[in-house]
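Trainee: I'm new to this one, could you walk me through it?
Mentor: Gladly, let's bring it up and start with the rings.

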Amino acid sequence: AAQAQPAPTGEIWSQEYWANKGDVKLNLWRKRVGAPKQGEPALPVVFLVHGSSNSARSSYDLTVSGKGEYSLMNVLARDGYDVWTMDHDGYGYSGSSGNNSDMASGVEDLKSAMPVVMKETGQEKAHFYGTSSGGIRAAAYAQAQPERVGRLMLCAFTYKCNGAAEIERRSRDRT
């Protein structure tokens with residue numbers, strides 16, 4: 001059985017990275033306790049996948065002055081994870097292809113991001129946590145590249161198929 005590891009101590013370190021999906025630049029954000037050091041054992045990677053309402057940092061790395069801890073990235077980093085997230089195509093700091101950020105595009109975003117994560121962490125797999133439509137993106141990515149997924153956690157994922165109320169509302173709003 002695996003032994004529990006002591007929680008790392010030190011300051012949370014963060015770094016911005018970029019991945020390219022064709023002509024679209026995708027913004028990645030990473031947090032962990034302490035900067036990576038040559039020769040140290042790799043930490044387990046958690047990749048947080050945002051939904052369609054908010055970008056990555058407002059979903060997972062929110063800072064509210066004087067109100068306690070609101071950053072899931074900080075919590076997971078303090079628990080010993082190398083935590084990553086990304087603004088999908090058309091969100092936050094990432095560029096936009098104008099594709100309306102559909103699920104297939106989200107899978108391509110994750111396919112473009114993972115080589116950066118693998119290079120920087122030395123890990124071949126990540127655990128994926130997706131909320132709302134990010135859950136659908138993460139699940140579809142797990143189907144497309146199961147060899148890159150350790151564990152898959154889906155939270156409040158939305159129904160996006162024919163007849164889904166949210167899809168119908170968005171279709172009306174576009175016309």
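Trainee: Which residues do ring pairs link into a cluster?
Mentor: F47, F128 and Y141 are linked into a cluster by ring pairs, where rings of Phe, Tyr and Trp (its six-membered ring) pair if their centres lie within 6.5 Å, with planes under 30 degrees apart counted as stacked, over 60 as edge-to-face and the rest as tilted. Keep in mind that this is a predicted model, in which local features need pLDDT of at least 70 and side-chain atom pairs count only at pLDDT 80 or more, while totals for chains, interfaces and linings use all residues. Residues are numbered from 1 along each chain as its sequence is written, and side-chain values use heavy atoms, leaving out hydrogens and water.

Trainee: How many aromatic pairs does the count come to?
Mentor: The count comes to four aromatic pairs. One of them joins Y60 and Y129 edge-to-face, at 6.3 Å centre to centre and with 70 degrees between the planes. Because Y60 lies in helix α1 (residues 56-60) and Y129 in strand β5 (residues 126-131), this pair ties together parts that are 69 residues apart in sequence; helices (H or I, at least four residues) and strands (E, at least two) are DSSP runs, numbered from the N terminus.

Trainee: And is Y60 buried or exposed?
Mentor: Y60 is buried, at a relative accessible area of 3%, whereas Y129 is partly exposed at 21%. Buried means under 20% relative accessible area, exposed over 50%, and partly exposed in between (1.4 Å probe, protein chains only).

Trainee: Switching topic, how many helices and strands are there in the protein chain?
Mentor: The protein chain has five helices and six strands.
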